[in-house]
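Subject: Structure handover

Hi,

Here is the structure I promised to pass on. Please open it beside this email and follow along.

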There are 4 protein chains.
Amino acid sequence: MTPIQEFFKQEMSRRGDLTSKQKQILEASLTLFAEKGFEKTSTADIAAMAGVAEGTVYRHYKTKRELLLAVLAPLMAVMPNMVAEFDENTVRKPITTLQEFVQNLVRDRLEFLDVNYKEVKVLAGELLFNTDLRREFINSLLSKTEVFSDLTKTLDRLKAEGKVVDWPTDLILQFTLSTLIGFVGRQFIELPSELTKDQREKMTVAFLVKGLTP
Amino acid sequence: MTPIQEFFKQEMSRRGDLTSKQKQILEASLTLFAEKGFEKTSTADIAAMAGVAEGTVYRHYKTKRELLLAVLAPLMAVMPNMVAEFDENTVRKPITTLQEFVQNLVRDRLEFLDVNYKEVKVLAGELLFNTDLRREFINSLLSKTEVFSDLTKTLDRLKAEGKVVDWPTDLILQFTLSTLIGFVGRQFIELPSELTKDQREKMTVAFLVKGLTP
Amino acid sequence: MTPIQEFFKQEMSRRGDLTSKQKQILEASLTLFAEKGFEKTSTADIAAMAGVAEGTVYRHYKTKRELLLAVLAPLMAVMPNMVAEFDENTVRKPITTLQEFVQNLVRDRLEFLDVNYKEVKVLAGELLFNTDLRREFINSLLSKTEVFSDLTKTLDRLKAEGKVVDWPTDLILQFTLSTLIGFVGRQFIELPSELTKDQREKMTVAFLVKGLTP
Amino acid sequence: MTPIQEFFKQEMSRRGDLTSKQKQILEASLTLFAEKGFEKTSTADIAAMAGVAEGTVYRHYKTKRELLLAVLAPLMAVMPNMVAEFDENTVRKPITTLQEFVQNLVRDRLEFLDVNYKEVKVLAGELLFNTDLRREFINSLLSKTEVFSDLTKTLDRLKAEGKVVDWPTDLILQFTLSTLIGFVGRQFIELPSELTKDQREKMTVAFLVKGLTP
DNA sequence: AATGAATGAGATTTCATTCAT
DNA sequence: CATGAATGAAATCTCATTCAT
């Protein structure tokens, strides 16, 4: 399992105390929110899919919005790490080339986005129009990406060695993330392609490596 | 005005026959949909902001959803062009370098996204969960990007001249669009930056040019 | 019409702008609140009795509680006058004896309580447990009973002439009001009596006159 | 302890068999019913304040209404006595003057109303809208006030001696009770006063004595 | 065409009561 | 006995849509 997946698993396991009904409710909520969007999902829908009475939903979550937050909580906790963390320890040898850096990053994050597809979709829909949540999200993101994050350190080292273009770290991350999101987004809208996913992944790495080489 | 802007203006001007009330209604709808999302906007909100009775809204648009489509129509008509069209005629001399190509593309598209920010936001929110609209959008997009579009032709020429990496056109467009969307998205979430917008735009062009050079 | 009734009528007529549906809704609410109490009355009950859709109720009153306040508003506005006002002008000749004073007061107020029985009952039930409303009520009451009210002046004159016991005005009013409320309350609980209402009214006046004579 | 207090204590002590949990439940119910009213108090509130599971409440009382009745039972049993009983034995010498009569009555009943303030408030709220309970209450009241009650006998004696006005007993009691209730009600609504409670009590006695003297 | 009051279907939420543990 | 999760019926409230004026 990749590092980010690992983080997420831990975050989810903090829910170890959830009863089985609660898990069913969260599961159904996630699925329906991802499918139809939060607003168009009724609590009746959720209760039905969870195999639970509607009152039971409200016993566990005071409001529908609270249920949404419960669904998003683990993701909200982990997403900033997606941008900031880059644990070199999980790689056998230290990162010495941009190629290695990008390759590890892409593989790790892509798998995460792929596996947690539903959560990400729900979060995206929410961030689009919910100003408060967006602000909160950005703040936690900023606090994580600060100077001393692993990723910043690795990038700074590579910059110092002339192996990465000397642009601000946040811009480099912006380019990287955009490209990753584009990759996943493309799958989402189910555009056909003459290439396999693996081939596209390789080209994506190549694109990023070239684009970020000085 | 950039070519895409030009298209959009024409598209909008087809509304020339709209009464002023209709324009007010569309304007209010757009603003509110962009602000709170389609589902959370009530027709009462719209009528109030448009300074019109609720019944009047329904006189012009049979349902709320129809109003949404009316708001999105010009964008839906134009967006595929954003991906496919690349009018070399608007440039003094024909495109001979990747640098020129990317620079024109970026300038044109960025300004469009910037100016039509609200429409794009509403469309994004809608595409996220509305499968039908998404399918329709993708289809019109595919039909436009096909072999004979201006952009495809230009890219093919550059590829043939060894000035662009030999990847499928759709992948090149994916990388380009992702990067542009990342640029605009960054403004949307209002992340602070030590660079000016102009500087970021230059680096974005540089990133794309390097990334797409063979 | 007695003075207090007159006030109330005026207060109600400020509602002249109410549509007929609104009046039906208020009427039904008042009746049901008085019959079963506010909490036990459902908005479905109200809509049914008013011959109106449930949504219509909410079109006019944002919440059920707001409807209650609308029902109580004219009474809340008028009640303090019940305690404070004593318009000698409505009596042919000026009040010169305690007997006259009490008699006028009793007749006036009893009729009001009798006619506006439902409103008073609803208000009583609300004041019992609604601390906020109670405080508001008391404040408006205090502000009205202050030194310069007609009633205070009349009482002070009678005190100065040795025609009324020299107790604080508020205590005299307390005794009077209690006795009146007891009179009405007795009717409310439908206790049988060997006397006619007229006889009881006379004795009530006699009791007050004696009790308040120095 | 005054006679009425004594009665009440005995009535309460019939609950001697109650487990401590039951007592907690009754206690919490009483407090909450008095504070927010019966309808606005949820069984969850009660369970929480009693420090007991919600199921436990229902183990002891089949329905919420039964719980209300349990709370009111001792008061319902005693209230008629408040109106009817007047135990001369608790006074050293027999009552010979109206002054003595009223003074004893006032002191006794006022303290009771004061101490059992919560119960009375809950009962009042209930009698206001619950027709059945009201009827039951009145019936038990009538059956007690009948010809041979202590109070009736004492009053008849005083009337015969020309020491009390010759009005029907029930009217005399009405005036007395109203005045007492007004006294307590005034404390309830927390009207400020320039007099001490003792002074007001004295004036209340004086008012009643004068009002009831032939 | 325009209005805005009225509608009713459906959404969210509450809560007395039951029941398996 | 005690618990507290689960229930479901009913309450409050929202809102897209209709319609008489």
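In this predicted model, a phosphate oxygen of DNA strand F sits 2.8 Å from a polar backbone atom of C:Thr43. That is a polar contact (a pair of N or O atoms within 3.5 Å; within protein, one must be able to donate a hydrogen and the other to accept it, and residues adjacent in sequence count only if both atoms are side-chain atoms). C:Tyr58 uses a side-chain N or O atom, 3.0 Å from a phosphate oxygen of DNA strand F.

A word on conventions. Residues are numbered from 1 along each chain as its sequence is written, while chains are lettered from A and ligands numbered from 1 in the order in which they are written. Local features need pLDDT of at least 70, side-chain atom pairs count only at pLDDT 80 or more, and totals for chains, interfaces and linings use all residues; side-chain values use heavy atoms, with hydrogens and water left out.

How many residues surround DNA strand F? There are 30, and the closest are A:Lys21, A:Thr56, B:Thr43, B:Tyr58 and D:Thr56. A residue is near a strand if one of its heavy atoms lies within 4 Å of it. Of the DNA strand F atoms within 4 Å of the protein, 61% belong to sugar and phosphate. Helices here are DSSP runs (H or I, at least four residues), numbered from the N terminus. α4(D) gives the most, with five residues. By class, the surface near DNA strand F has five nonpolar, 15 polar and 10 charged residues. Ala, Val, Leu, Ile, Met, Phe, Trp, Tyr, Cys and Pro count as nonpolar, Asp, Glu, Lys and Arg as charged, and the others, Gly among them, as polar.

DNA strand E is surrounded by 29 residues. The closest are B:Thr56, C:Lys21, C:Thr56, D:Thr43 and D:Tyr58. Sugar or phosphate makes up 64% of the DNA strand E atoms within 4 Å of the protein, and bases make up the rest. A:Lys64 has a side-chain N or O atom 2.8 Å from a phosphate oxygen of DNA strand E. B:His60 places a polar side-chain atom 3.1 Å from a phosphate oxygen. B:Arg59 goes to a base nitrogen instead, also at 3.1 Å. The classes near DNA strand E are six nonpolar, 14 polar and nine charged residues.

Last, the helix packing. Helix α7 (residues 117-129) of chain A and α7(B) pack at about 155 degrees, with their axes 10 Å apart. Axes are lines fitted to C-alpha atoms (for helices, over the stretch in contact), and angles run from 0 to 180 degrees between N-to-C directions. So α7(A) is roughly antiparallel to α7(B); the cut-off is over 145 degrees. Contact means heavy atoms within 4.5 Å. Residues in contact include A:Lys121 and A:Phe129 of α7(A), and B:Lys121 and B:Phe129 of α7(B).

Within chain B, α7 and α8 (residues 131-145) pack at about 110 degrees, with axes 6 Å apart. That makes α7(B) roughly perpendicular to α8(B), a label for angles of 65 to 115 degrees. Among the residues that meet are B:Leu123 in α7(B) and B:Phe137 in α8(B).

Best wishes

Key: Helix = DSSP H or I, 4+ residues; strand = E, 2+ residues; numbered from the N terminus. Parallel < 35°, antiparallel > 145°, perpendicular 65-115°, else oblique.
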